[in-house]
Every structure is written in structure tokens, then in C-alpha cells.
Amino acid sequence: MSSERAALIVARAEELAGLSEEVGALTRRYGSQALLDALALAERWMREAGLATRRDAIGNLIGRLEGERPGLPALALGSHLDTVRDAGRWDGPLGVLLAIDQAAARSGAGDSADACPSADAGPSADAGRRRALPFALEAVVFADEEGLRFPTAYLGSHVWAGRWDAAELALTDADGVTLEAAIRAMGGDPARVGEGARNPGELLGWCEAHIEQGTRLERAGLPLAVVTTIQGQSRCTATFRGQAGHAGTTAMDARRDALLAAAEWALGVEAKGLAGDGLVATVGRLSVEPGAVNVIPGVAVASLDLRHPDDATRHAAVASLAALAQAIAASRGVTVDWAQHTDNAAVAFSPRLQELLGQAVEETTGSAAPRLASGAGHDAAPLSRSTDVSMLFVRCKGGISHNPAESVSGDDVAAAVAAVDRFVDLLAAAERSIARE
Ligand SMILES: [Zn+2]
């Protein structure tokens, strides 16, 4: 049964991949016709799944299946349908399609073509799954996760978390189009965006299935993992200043080469990351002045992106790399200016939802679920401020993402379908036992 449902998800991911604003590449920016088309398709699938749909002013699409009584807090499942430029078909759609699949399984609308189970067949798992839940289910498409078009990201989940800032209406894209105009293009009223905030009492929690975007599952030979946290992130700039000079006349032992100081430091950054405590550290940008083939570099500006699940470990690593930059600069007769631009705390995922997801994965796959920290940001980060959050990672081929080569096997989609089924069952049982106490 889960393999049939997985086949439908694979087919739908392909259908969504055909909706793009560019020829020959998959790109869906916030406010684009391609994104509106994808939302319309998802909304149609939600209705066919028996969900009542609505859109808020920022453009989040919400399909709701009531539980045992109307108005119960909702378990929200979903992801996003906006993309990066020249994207793959799974980053976002996987979580959206699994959410719609789950709602369809619970409403029974997804298998309405089937004959009713005969009475003598006994209670089937599918019939059991259609029993009303002690919470509502919502399938959610957040309007703008990637932040490709405007200098902002997680717009939809910021609105849900009550963190919308109306000053952002004036943000412009590369063509000078304002966010306000893009919200109108999405069909929303810019003056009413803040009304999309969810009262914490409306939500039981958030669960997003997403491709891993890494190779840890592939290396482990396992389809699914439970996410523990989104890593905290620091961004810094080290500006090394030496002395520019003639490449032909300045003796090798009389140079104050800023680039070589930066290069030695970049190798130190790599060594720090390789030390094996889960730190990932990247020097992604290096600019050199004056930047001429026959001039010793006088200035080298290097960026640092540093992430770790534990904030104290990350802060200690930043301090140690700043000290390393000073030591290398001093040994080479150059100076270094250190600036920190970003200090985003790690996101705490719900221990309770992690536990239930882990149990669901273990029971359905027969293997304990690895616990992984997410290196990438997700809507769970803003949402964690207002509700319990959780994520399920699904193995993707080669760890490739943000790339047309993104690939997830049908078997792994089926594993995710079964795990989400079990997770919702386990959460329902847990909620019922709380209600009895
Ligand atoms: Zn994503």
C-alpha cells in the first residue's frame, strides 16, 4: 500500500517539476506564476484528499482535516514549493506531497475508488488509519522558504510564528519590484499579512519531511533519520593587511603578503573542521587587493561560515579561529581585523516528537533511526519559537540538492510514507493517553 502511495508521490513530484518560470530549468520564485501554478495544483490535490483549504495573505496554503471534534489543535505537516534557481524536484515538494498523502490516508478520500473493505476481512490497517484523530491534521505549503527573490527567507513561517515585520514590504528584488507588489501577485493583501500568525494553542506541532541534503544516510545504508536540531551558525570576516609590493624586486624574506596569511589561516579553518567534533567550517570567499599578477597582495579579505549543533562549542570555535588569525598574522608581519556578522543560535527540536518519530522509523524500517543535526536552515527554525517542531530526513542520492540532479528512490519515499503513518498513530495514542490521565 505504501508503495502505491509512494508511486503517486513520485508522479506528482514530476508533475510539479514541470512548473517553472524558466525554460530548461526548474525555478519558482515567490510571486511568480510558476509558484502560483504549483500552489493551485497542490490545492487541487488537497481538496481531492478531503481537506478544507485556505490561503493566508503572505500566500501560505493550508489544507485542514478536522479531528474527532472541529477546532482541535493541529499537527501541521508540510514544506515549501518555492525553489532556488535551477533546482531539483524534491527539496520542498517531498514534504508537501507526504503531507497531502497522509491527510488523504486519514480522510479516506485518497482511496475512494476502492471498494469498501468487506466486513469479513476484519479491521484493516487502512480502515484503522481512517479513524478520526484526537487532533486536526494540516497539510501546509509555506510561501517562501528559499528566499531566492527578496533579501529575506522563511517569509511564510515567520508570519505563522508572529514575526512578520511590515517594514519588509519595501524590500525589492533585482528588478526593483517590491515585496508588497509580489504579495499582491500572490493574491494576498499586504495590509493583512500579520493576521496569518498562528495562536500557539492552534498547533500541536510541526513535522516536515525533507531530503537530507547530505550523505550520512547514504553512507549508513539507511533511508530515514530523525533531525535533532538545526545547527547554529556564525559568519565572520577576517581582513588581513600586509604590504603590496613589486613581485620582481621584493625579496622573498622581506614580504608581508596578506594572501599567504589568509591562506595559512584557511588551512587552519579546515583543520578545525576536520578535528571531528561535528564542526563544519568554510572559507567561501576570498578577495585579494590589489589583485594584480605582478603585485604582492596587500589585503586579503576572507569569509568564515561556521556551524555546530551546540552553541557553546560553536562560540569556542569562533574564538579559537579568531586567535589563530591573530597568531598567523603576527608571525607573518601583517595585521588582521576580525568582524562577526551573524550569530544564529541552534534550533531546539521537540524531544517528544523526536522520540515518537524515532520509534516510528525503527518500527517501520526495522533499524534504529540515526539522529542527525541539519546543516541547512528550514521553516522549523522560525516555527520553533511558537510550537514544537520536528523533521524527518529522507536519503537522497549522493547528498545532492539545490541541483537538477536531486534524486530520491521510490522505495525511500515508501519508507517515509510508512514512517509518517506510524508517527501519526503514535502521536494519536500519546495524546489519547494524556487525555485519559
Ligand atoms: Zn527545503
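Leaving aside neighbours within four places in sequence, Gly-268 is in contact (heavy atoms within 4.5 Å) with Leu-321 and Leu-324. The structure described here is a predicted model, for which local features need pLDDT of at least 70 and side-chain atom pairs count only at pLDDT 80 or more, whereas totals for chains, interfaces and linings use all residues. Residues are numbered from 1 along each chain as its sequence is written, and side-chain values use heavy atoms, with hydrogens and water left out. Gly-268 belongs to helix H8, residues 258–274, where helices (H or I, at least four residues) and strands (E, at least two) are DSSP runs numbered from the N terminus. Between Gly-268 and Leu-321 the C-alpha to C-alpha distance is 7.8 Å, although 53 residues separate the two in sequence.

The protein chain is assigned domain 1 (2–230 + 347–436) and domain 2 (232–344), with bounds that come from an automatic or database domain assignment. A distance of 39 Å separates the C-alpha centres of domain 1 and domain 2.

Grid points are joined across faces, edges and corners, and a volume is the space filled by probe spheres set on the points. The largest pocket holds about 500 Å³ of space. Its lining comprises 20 residues, of which Tyr-154, Asn-344, Ala-345, Val-347 and Ala-381 are the closest to the pocket centre. At least three lining residues of the largest pocket come from each of domain 1 (2–230 + 347–436) and domain 2 (232–344), and at least two are supplied by each of strand E7 (232–241), strand E13 (335–344) and helix H11 (380–383). The lining of the largest pocket divides into eight nonpolar, eight polar and four charged residues, with Ala, Val, Leu, Ile, Met, Phe, Trp, Tyr, Cys and Pro counted as nonpolar, Asp, Glu, Lys and Arg as charged, and the others, Gly among them, as polar.

In the whole structure, one cavity of 30 Å³ or more is found, and the space in the largest cavity amounts to about 70 Å³. The largest cavity is lined by Leu-77, Gly-78, Gly-95, Leu-98, Ala-99, Cys-207, Glu-208, Ala-209 and Val-420, with two or more of the lining residues given by each of strand E3 (74–80), helix H3 (93–107) and strand E5 (203–211). By class, six nonpolar, two polar and one charged residues make up the lining of the largest cavity.

Two residues were examined for side-chain polar contacts, defined as pairs of N or O atoms within 3.5 Å; within protein, one atom must be able to donate a hydrogen and the other to accept it, and residues adjacent in sequence count only if both atoms are side-chain atoms. Asp-412, in helix H12 (residues 410–436), has a relative accessible area of 6% and is therefore buried, the classes being buried under 20%, exposed over 50% and partly exposed in between (1.4 Å probe, protein chains only). The side chain of Asp-412 forms a polar contact of 2.7 Å with that of Arg-395, and Asp-412 is also in contact with residues beyond four places in sequence that include Pro-223, Leu-224 and Val-394. Arg-149, located in the loop between E4 and helix H5 (155–160), is likewise classed as buried because its relative accessibility is 15%. A polar contact of 2.8 Å links the side chains of Arg-149 and Asp-173, and the contacts of Arg-149 beyond four places in sequence include Arg-29, Tyr-30, Gly-31 and Ser-32.

Arg-131, in the loop between helix H4 (125–129) and strand E4 (136–142), has a relative accessibility of 56% and so counts as exposed. Most residues other than glycine have a negative phi, and most peptide bonds are trans. His-402, in the loop between strand E16 (389–394) and H12, has a positive phi of about 55° and is partly exposed at 38% relative accessible area. The peptide bond joining Glu-289 and Pro-290 is cis, with omega about 0°, and Pro-290 lies in the loop between strand E10 (286–289) and strand E11 (295–296).

Terms used: On a 1 Å grid over the protein atoms alone, a cavity is a set of points where a 1.4 Å probe fits but cannot get out, and a pocket is an open set with protein on both sides within 12 Å along at least five of seven lines; lining residues have an atom within 4 Å of a point.
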